[in-house]
Amino acid sequence: MATKQTVSADEIQKIARLAKLHLNEEQRDLYAQQINAILEHVQKLQTLDVAEVEPLSHVLDLVNVTRKDKPAKSLPRDKVLANAPLAGPADDPEKRATDGEFFLVPKVIKTDQ
Amino acid sequence: MTPRLSERIEAFPAALKEQSELNAVITDTSSQALAHLDGDGTQGPLSDCLLAIKDNLNLVDSPTTCASWTLAGYISPYTATPVQRLLDAGAAIVAKTNLDEFAMGSSTEYSCFGPTRNPYNPDLVPGGSSGGSAVAVAAELVDAALGSDTGGSVRQPAAFCGLFGLKPTYGRVSRYGLVAFASSFDQVSVFARDIDLTARVFEVIAGHDPLDSTSAAEPVTSFSYDEEHARSLTIGIAREYEHEGLDEEIGSRYRNLIKFLKSEDFTVKEVSLPHTDYGIAAYYILTTAEASSNLARYDGIRYGMRARVEGDLEGLYTDTRSSGFGPEVQRRIMLGTYVLSAGYMDRYYICAQRVRRLIQRDFLHAFKEVDLLLTPTTPTLPFPIGTKVDDPLTMYLSDVFTVPMSLAGVPAMNIPMGQSRGGLPIGLQLTANYFREETIFQLSRFIEQRYSV
């Protein structure tokens, strides 16, 4: 399919980085081709004169809803931590990434020691 | 005598096994339903009804997968508001159904659990993204089911499986507990085999919910059929839906129904929805943009799947998302990220929002003249599994008749219209003005009673 190149393979790589996705070369080229085909189709919007039309972000005329700022129950900690990701060491694949009090994540602070 | 609800729930696993090749269900929740059954069940408008829910709706103590590896290991700690309302109305929820991953797709092929098959012909797709719910109802595993409709995800599978499929007005049904895809479009929707149950389920789930600030306060009226009212409705037909790609059998069914309504002395008027053809373009810009933002939450930190990496946090995010999301979800996240990125936002996203207003105006103008719009639901009959899965643009174009209503936020419903010569379901779509679901029910009931294909 002869598709106009709106987005290059390099740009696809850049977008993937922004979206926190890692692509191999094959995926990058396939997505580039498919996304270009879609972008070519959406160019038809450029043929409409919409400069004077107010953008519509939400179909109902919603007003901001506020409630009284009073404490209410949230999920208990053990219920929340029970859903911690399955990310145990190789010898214990059922272990979840929690110490019972917090979620466990890789170390994010670099130290010199 | 109809069997007791408990007997029907007990019989569900065997029935499911018999229909296992359809792959409609991800999680059988019948044992939970049975355990919670209180004697003969709660008395209410849905007593004695078996229901299924799409697996992007939360039910406490059951997995919510969204048909994605991303949510592997997640067990919901709470129940979605519309699901709770079904339970309170006496329904038994026996299954969580297959879908396109995170509701992105039109065929229920993009599922990490494999495709769902059409009960009329297992080589064909059931439509999507709520294909599992549609098939569960069409195969008579359940009486009715909930899906979610963002751009046609209930109306199109209803058309492909011969069911009623109602997408209510945007904001009609609480989305508390529905996993978000495109928040200015998503709406919890209903499948059933007849209009009365469709209306009854809708009335149970509709109405304001303090837990969803986008849910509307508009009162929900109770549907009771009134032939005189039905006959007083003015029907609009739009020439933009006489599309060159429209299947010949669907087209002739459409024209026959119009002829029938005229012969019954309905007022049928031609109206114009001039921006119909721009719907797909605007829809796929806006929904992918919203999806790229909504799906940023899946980072492998607090729930769901986490890729086992040694190394830094950045690597954890990227490896988790790359191995958790399937190709269609990745494609849409990237397209959405692109149309929102610096330098392109005005050209794509803002422009699509302006076109969205033009499409909304088309409907508002039409509804000054008519009560309902009658259109086809899909341009084609169900297509074979595997034929569109690698060509996203062609897949997107199959939503041409359902996305305009989603862009405008108006209610629309598929009504089954018999079968094609080859024995495949045909569906037509009725669309009403905001919060006028009841007028759709009136005319549908008239057609259901009076019109034989």
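This is a predicted model: local features need pLDDT of at least 70, side-chain atom pairs count only at pLDDT 80 or more; totals for chains, interfaces and linings use all residues.
**Exercise 1. Helix packing**

Describe how helix α6 of chain B packs against helix α15 of chain B.

Solution. 
1. Helix α6(B) covers residues 195–205, and helix α15(B) covers residues 437–450.
2. Angles over 145 degrees count as roughly antiparallel, so α6(B) is roughly antiparallel to α15(B).
3. The crossing of α6(B) past α15(B) is left-handed.
4. On the α6(B) side, the contact is made by B:I195, B:D196, B:A199 and B:F202. They meet B:E437, B:F441, B:S444, B:R445 and B:E448 of α15(B).
5. Sorted by type, the residues of this contact are 4 nonpolar, 1 polar and 4 charged.

**Exercise 2. Rings around B:Y338**

Classify the ring pairs that B:Y338 forms with B:Y344 and with B:Y348, and state whether each of these tyrosines is buried or partly exposed.

Solution. 
1. Rings pair if their centres lie within 6.5 Å; over all chains the count is 21 aromatic pairs.
2. For B:Y338 and B:Y344, the ring centres are 4.5 Å apart and the planes stand at 35°, so this pair is tilted.
3. B:Y338 has 2% relative accessibility and therefore counts as buried. B:Y344, with a relative accessible area of 25%, is partly exposed.
4. B:Y338 also pairs with B:Y348: the centres are 5.7 Å apart and the planes at 50°, so this pair too is tilted.
5. B:Y338 belongs to helix α11(B) (residues 327–339) and B:Y348 to helix α12(B) (residues 346–369), so the pair ties together parts 10 residues apart in sequence.
6. B:Y348 is buried, as is B:Y338.

Terms used. Residues are numbered from 1 along each chain as its sequence is written. Chains are lettered from A and ligands numbered from 1 in the order in which they are written. Side-chain values use heavy atoms; hydrogens and water are left out. Axes are lines fitted to C-alpha atoms, for helices over the stretch in contact, and angles run from 0 to 180 degrees between N-to-C directions. Helices (H or I, at least four residues) and strands (E, at least two) are DSSP runs, numbered from the N terminus. Angles under 35 degrees count as roughly parallel, over 145 as roughly antiparallel, 65 to 115 as roughly perpendicular and the rest as oblique. A crossing is left-handed if the near helix is turned anticlockwise from the far one by less than a right angle, and right-handed if clockwise. Contact means heavy atoms within 4.5 Å. Ala, Val, Leu, Ile, Met, Phe, Trp, Tyr, Cys and Pro count as nonpolar, Asp, Glu, Lys and Arg as charged, and the others, Gly among them, as polar. Rings of Phe, Tyr and Trp (its six-membered ring) pair if their centres lie within 6.5 Å; planes under 30 degrees apart count as stacked, over 60 as edge-to-face and the rest as tilted. Buried means under 20% relative accessible area, exposed over 50%, partly exposed in between (1.4 Å probe, protein chains only).
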